Every structure is written in structure tokens, then in C-alpha cells.
Amino acid sequence: MALPKIATPFYELNVPSNGKTIKYRPFLVKEEKILLMAMESGKDGEVSNALKQIIKNCTDGQVDVEELPMFDIEYIFLQLRTKSVDEVSSVTISCKECREPFRLDLNLNDIKVHFPEKKQDFKIQLTSDVGIIMKYPTMTMVKNVTEGDTESSGFLFDIISTCVESIYDEEQVYNEFSKEEIDDFVDNLPQEQFKKISDFFENMPKLKHDVKFTCPKCKHKNKSTLAGLQDFFGSASLTTV
């Protein structure tokens with residue numbers, strides 16, 4: 001005789017990058033085990049894979065997690081965590097004046113993806129006759145570039161090369177090229193043109209939230225911007241209160 005199953009509620013959210021409405025359920029014990037095992041491994045790549053697997057499971061494959069921009073992945077997981085664990089997450093922030101650590105409770109419902117005021121153009125005109133088409137970095141791209149080491153000095157250059165979708169001039173569009181070819185193209189860009197590409201990443205949508213607090217020790221009034229899942233959760237609070 002089959003054992004009874006507990007019904008799981010479903011919710012809706014809009015994917016930030018495209019506005020598509022999808023249904024999702026909270027993650028269950030089996031998804032929590034996936035994430036806990038990944039976190040225990042201490043490897044960023046394992047955690048990235050776990051986040052993608054959990055989103056795929058909880059949205060019943062409605063979204064292609066391999067193609068979603070990073071900010072979509074972060075936002076969807078934030079919604080999953082809100083419905084699965086708690087709407088509040090406690091984070092530790094240090095006072096900018098005296099460096100005293102301060103415990104702050106965040107309402108996760110207040111955290112949104114912020115888009116630039118001006119609609120972002122994926123087409124960047126580098127010169128009068130040469131330009132590039134960019135795409136947002138996905139979690140898979142970030143994982144593959146320098147093994148997820150975003151502090152590496154070469155990370156920015158590598159992620160830029162990875163996010164170039166095509167290059168065009170007056171005669172044709174080039175959308176097939178080797179890593180060596182695109183690396184060489186980026187390496188030989190003048191600073192003025194390189195800054196145009198850097199600005200694309202600087203201004204792309206981000207999951208972020210501004211917080212204000214008065215230090216209980218020195219009474220300094222602090223304002224900080226939290227961005228990305230690592231800022232919104234302690235290492236243990238992804239799955240537990």
C-alpha cells in the first residue's frame with residue numbers, strides 16, 4: 001500500500017529578465033539535502049550546481065537554468081527560500097566606523113532585482129564600423145571562468161570574453177570563434193572601447209538591497225548595499241532559520 005503524500009502549495013513569480021510568469025513550489029527535504037551536501041563540500045561549483053538543480057526541480061523545468069542570467073537564478077532562489085524556510089534572514093554587517101559586527105534581520109520580500117534607469121542595449125558600437133553583441137553571464141559561465149573565483153584578477157577579462165555573442169563589421173557578422181580568438185580581440189581593444197564593454201557589466205541588472213543601521217557601539221549611522229545571495233544569507237541560513 002502506497003503511503004500518503006503531503007500536498008505542496010504552488011506560487012507564482014515573474015522572471016526578472018523576461019517577465020515570464022512561472023509556478024514554483026517550496027523546496028522539500030530532498031532539495032534541502034542537495035544544498036546541504038553541496039555546502040558541506042565547500043566548493044562553489046557544487047553549490048552552483050545545487051542551486052540550478054533545486055530551481056529546476058521546484059519549477060518543474062519551466063525555465064532553462066543553464067540559460068538564465070545570474071540575477072534571475074538569484075532572484076528565483078530567493079523566492080524559493082522565502083516560501084520554504086522564512087521570509088527573514090539574519091546577516092552580519094560591520095560598522096564602517098568602528099568595525100563592530102552588527103546582526104541585522106532582512107525581510108526577503110523587500111529584496112528586488114534593480115534594473116538600470118536606461119534600458120540596456122546588448123549591441124555595443126565600438127567604432128564607426130565595428131561592434132559587438134553581448135549577453136548576460138549565466139551561473140554556468142561564472143562557474144566555468146576561473147572555477148568561480150570572482151576575486152581573480154583575470155575574472156573580468158574572462159567573463160567579458162565569455163559573454164560576447166557576436167562581433168560585426170560593415171561586411172559580416174562573426175558568431176563562430178575560438179576562445180583564443182575572442183581573448184585576442186579583447187586584449188587588443190583600446191581603453192576607450194574596453195570601457196564601453198565594462199560599463200555593460202557595471203550597469204546590468206543586480207539583485208541588491210540598501211540597508212541602514214545605527215551602530216549600537218559607536219552610534220555611527222551606516223548605509224550599505226547588499227548584493228547577491230552571499231550577502232543576503234549566512235552560510236547556514238540558505239536552508240535553515
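Is F200 buried or exposed? Select F200: this residue is buried, at a relative accessible area of 3%. Buried means under 20% relative accessible area, exposed over 50%, and partly exposed in between (1.4 Å probe, protein chains only).

This is a predicted model, where local features need pLDDT of at least 70, side-chain atom pairs count only at pLDDT 80 or more, and totals for chains, interfaces and linings use all residues. Side-chain values use heavy atoms, without hydrogens and water, and residues are numbered from 1 along each chain as its sequence is written.

Now show the aromatic rings. There are 10 aromatic pairs in the structure. Rings of Phe, Tyr and Trp (its six-membered ring) pair if their centres lie within 6.5 Å; planes under 30 degrees apart count as stacked, over 60 as edge-to-face, the rest as tilted.

Y136 sits in the loop between β7 (131-134) and α4 (139-144), and F200 in helix α7 (residues 191-202), so the pair ties together parts 64 residues apart in sequence. Helices (H or I, at least four residues) and strands (E, at least two) are DSSP runs, numbered from the N terminus. Y136 also counts as buried, at 15% relative accessibility.

Next, select F157 and F194. Their ring centres are 5.4 Å apart and their planes at 20°, so this pair is stacked. F157 lies in helix α5 (residues 155-162) and F194 in helix α7, 37 residues apart. F157 is partly exposed at 40%, whereas F194 is buried at 12%.

Last stop: select F71, F115, F122, Y136, F200 and F201. Ring pairs link these residues into a cluster.
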